[in-house]
Amino acid sequence: MAFLKNAWYVAAWSDEIGPSLFYRRILGEPVLMYRTEGGVAIAMSDRCPHRAAPLHRGSLKNDIVQCGYHGLKFDTSGSCIFNPQGSGAIPAKARVRKYRTAEHYGALWIWMGRDELADENKIPAFDFLANPDRYVTIKGYLHGNASYQLVCDNILDLSHVDFLHAQTLGCDATATARTKVLQDSNTTVRCERWMADNFQGPLLSALFERVNQRVDAWVDVRWDAPSNMLLLYGMTDVGASRAAGREIPNAHLITPEDDRSCHYFWASGRDFRVADTELTQQLQVGVEMAFVAEDKPMIEAQQQMLGASDLTPVDIILLEGDAATTRVRRLLGRLIDDELKTELNH
Ligand code: FES
Ligand SMILES: [Fe+2]
């Protein structure tokens with residue numbers, strides 16, 4: 001599977017990276033991460049150029065990584081600066097690739113493509129994650145044994161909520177919501193669902209203090225290529241404006257690990273009932289449960305069913321709820337094709 005390389009992906013939550021060696025496979029490439037004594041996050045190839053030992057099995061001292069196999073040492077630029085063998089000569093090719101990174105919204109973003117194309121301004125906005133004075137935030141990380149695209153489909157087609165999450169988030173309104181799919185650019189698609197004058201699911205009704213009440217509710221998803229999504233869920237009194245209601249912003253940041261596995265970073269904020277720490281704890285457990293016990297097993301089972309094949313329009317049927325997933329897959333496919341052609345000519 002080809003991935004979009006000239007794009008920003010989340011490599012880790014910032015607080016996962018400390019002064020020790022940390023490893024994650026990203027877009028099929030082994031990536032070593034650590035934080036220098038000065039607090040700068042570093043990401044470089046985890047593959048030692050000598051005999052391919054994983055560098056994360058080595059050690060970190062004074063910002064220098066030492067391979068645990070034959071002792072080569074690498075600085076923060078990825079250059080080998082010490083060879084303990086024989087004369088100590090350092091071969092010209094003794095370096096590992098260092099990746100461009102940026103820390104925003106409490107996450108370490110990584111650029112797996114060509115360095116000169118990396119532009120931090122292209123990292124999509126997740127303002128609630130940069131506004132701790134207003135929002136209380138819960139967040140987490142999950143590993144998924146499924147293609148990142150299946151996880152994106154899951155967020156882009158929320159008609160599944162009424163069935164897969166029937167006991168928790170589901171209601172009778174999501175699958176029949178009035179849905180609009182809008183394309184802002186060739187890298188941004190929005191899917192907006194409006195659920196007028198209906199009941200919402202038990203967990204969300206309780207959070208919004210609208211148990212057993214009819215409300216107007218919405219769930220809007222913004223997808224930015226290749227796989228970062230902002231989800232806004234809100235409710236207001238029937239007939240009232242959205243501004244008069246409440247809304248919770250959520251981030252779903254999916255990073256391919258390999259063809260059939262991915263990293264899933266999620267976060268959810270709220271700017272009401274912010275002092276209620278018990279509620280925050282309940283939400284942390286409840287949201288994680290929905291992902292771990294409901295979404296994850298279904299998406300992984302879907303991947304097992306597909307095996308090495310991918311979902312293609314010829315062997316699936318499409319329902320109305322698939323409008324956004326179809327648009328996004330087509331768009332992403334085109335971006336990847338264009339990138340492959342450009343790289344071939346480069
Ligand atoms: S494999 Fe790293 S020094 Fe030999
Ligand atoms: Fe779900």
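## A cis peptide bond

Proline 226 is located in the loop that joins β14 and β15. The peptide bond leading from alanine 225 to proline 226 is cis, and its omega angle is near 0°. The structure described in this report is a predicted model.

## Overall form of the chain

The chain contains 5 helices and 17 strands. Its C-alpha atoms fill a box of roughly 80 × 50 × 35 Å along the principal axes.

Of the 346 residues, 48% count as buried. Among the contacts with a separation of 6 or more, 58% are made by residues 24 or more positions apart.

## Surface and charge

The chain exposes about 16,800 Å², and 52% of this area is supplied by carbon and sulfur atoms. There are 36 positive and 45 negative side chains in the chain. The centres of these two sets lie 5 Å apart.

## Aromatic pairs around phenylalanine 208

How many aromatic pairs does a search of the whole structure find? The search finds 12. One of them is formed by phenylalanine 208 and tyrosine 233, whose rings are 5.5 Å apart from centre to centre, with 75° between the planes. An angle over 60 degrees counts as edge-to-face, so this pair is placed in that class. Phenylalanine 208 belongs to the loop between α3 (202–207) and β14 (215–224), whereas tyrosine 233 belongs to strand β15 (residues 228–237). The pair therefore links distant parts of the chain, 25 residues apart. Phenylalanine 208 has a relative accessible area of 1% and is buried, because buried means under 20%. By the same cut-off, tyrosine 233 is buried at 7%.

Phenylalanine 208 also pairs with phenylalanine 272, at 5.2 Å centre to centre and with 50° between the planes, which makes this pair tilted. Phenylalanine 272 lies in the loop between β17 (261–270) and α4 (277–306), while phenylalanine 208 lies in the loop between α3 and β14, so the pair ties together parts that are 64 residues apart in sequence. Both phenylalanine 208 and phenylalanine 272 are buried.

Elsewhere, Trp13, Tyr141 and Phe265 form one aromatic cluster.

## Two residues with positive phi

Glutamate 209 is placed in the loop between α3 and β14. Its phi angle is near 55°, a positive value in a residue other than glycine. Is glutamate 209 buried or partly exposed? With a relative accessible area of 40%, glutamate 209 is partly exposed, because this class lies between the cut-offs of 20% and 50%.

Tyrosine 105 likewise has a phi near 55°, a positive value in a residue that is not glycine. Tyrosine 105 lies in the loop between β9 (100–104) and β10 (107–111).

Glutamine 66 is part of strand β6 (residues 64–66). This residue counts as partly exposed, at 25% relative accessibility.

Which residues is glutamine 66 in contact with, leaving aside its neighbours within four places in sequence? They are Gly58, Ser59, Gly71, Leu72 and Lys73. Leucine 332, in turn, is 266 residues from glutamine 66 in sequence, and their C-alpha atoms are 39 Å apart in space.

How values were computed:
Residues numbered from 1 in each chain as written. Chains lettered and ligands numbered in written order. Predicted model: local features only at pLDDT ≥ 70, side-chain atom pairs only at ≥ 80, totals over all residues. Heavy atoms only, no water. Helix = DSSP H or I, 4+ residues; strand = E, 2+ residues; numbered from the N terminus. Buried < 20%, exposed > 50% of the residue type's maximum accessible area, 1.4 Å probe, protein only. Contact = heavy atoms within 4.5 Å. Areas by Shrake-Rupley, 256 points an atom, 1.4 Å probe, with all protein chains shown as cover. Lys, Arg positive; Asp, Glu negative; His and termini not counted. Charge placed at Lys NZ, Arg CZ, Asp CG, Glu CD. Phe/Tyr/Trp six-rings, centres within 6.5 Å; stacked < 30°, edge-to-face > 60°.
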